[in-house]
Amino acid sequence: MKHKLLNLDCTDVKFYEGKQGVFSGYASVFNGRDSYGDTVIAGAYEKTLTERDRPVQMRWNHSGEIIGKWTRMEENETGLYVEGELTPNHSKAMDVYASLMHGAISGLSIGYIPVKFADNEYGGLDLMEIKLVEISIVETPADLSAQIGRIKSSVDASSTIKEFENILRESGYSRSDATWFVEGLKRVLQGEPEQQKKDELSPDELKFAFQTLLLRK
């Protein structure tokens, strides 16, 4: 599954007076170009919205808790328009609501599987059909390179897998996410017994492993 984030200032999120936790906005916009060089083409969500066998979940940071429900999803000339409701009296949902109102988190991000696509001139993909899995409210920076850059400076000071895991935790990743990265890193190292024995990596190897694993997630 891939993720694609739309920064909060592009989502046109609106809250409704007298209806705490109820909001609307765009989870995806058409014909733009994101930091990967990808463009979502109008009509990409048509099939997934009409042929679904289960609801699209509203999650916190993709792998976090379900914090509400999407009550309406449709394509229009702008993109994928959504209306949602955060679960009343749910502690995480109310925390997310407070952060959204304060403008402290980044925006909405779709979890999806590309179905029909083609390479484009920007080194990315034109996405003509998408299978929508979930839509999350997220704190992750909109630009992947910004997140990698922020972590690289810490990685420079580390040399072991354990330190690498601590960096991920300190950078806002959950325990399960950090464990996922570390287990993936160990798999990357298979076939290099001298590295496995001493559990050490060079800073450049750690950076490369982090970028590779993040892109594969």
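Me: Which residues of helix 3 are buried?
Reply: In helix 3, the buried residues are Ala93, Val96, Tyr97 and Leu100, where buried means under 20% relative accessible area, exposed means over 50%, and partly exposed lies in between (1.4 Å probe, protein chains only). They cover an arc of only 105 degrees around the axis, which puts them on the same side of helix 3; the arc is that of the directions from the helix axis to the C-beta atoms.

Me: What is this model, and how are residues numbered?
Reply: This is a predicted model, in which local features need pLDDT of at least 70 and side-chain atom pairs count only at pLDDT 80 or more, while totals for chains, interfaces and linings use all residues. Residues are numbered from 1 along each chain as its sequence is written, and side-chain values use heavy atoms, with hydrogens and water left out.

Me: Why would residues along a helix point the same way?
Reply: An α-helix has 3.6 residues a turn, so residues three or four places apart point the same way.

Me: Which residues are exposed on the other side of helix 3?
Reply: Ser91 and His102 are exposed there. Helices (H or I, at least four residues) and strands (E, at least two) are DSSP runs, numbered from the N terminus.

Me: Switching to rings, how many aromatic pairs are there?
Reply: Rings of Phe, Tyr and Trp (its six-membered ring) pair if their centres lie within 6.5 Å, and planes under 30 degrees apart count as stacked, over 60 as edge-to-face and the rest as tilted. By this rule there are five aromatic pairs. For Phe15 and Phe23, the ring centres are 5.8 Å apart and the planes stand at 40 degrees, so that pair is tilted.

Me: Is Phe23 buried or exposed?
Reply: Phe23 counts as buried, at 1% relative accessibility, whereas Phe15 is partly exposed, with a relative accessible area of 26%.

Me: What about Tyr26 and Tyr81?
Reply: Their ring centres are 5.7 Å apart with planes at 70 degrees, so the pair is edge-to-face. Tyr26 lies in strand 3 (residues 19–29) and Tyr81 in strand 7 (residues 79–86), so this pair ties together parts that are 55 residues apart in sequence.

Me: Last topic, where is Leu49 found, and what is it in contact with?
Reply: Leu49 is found in helix 2 (residues 46–50) and counts as partly exposed at 23% relative accessibility. Leaving aside its neighbours within four places in sequence, Leu49 is in contact (heavy atoms within 4.5 Å) with Met73, Glu74, Glu75 and Leu80.
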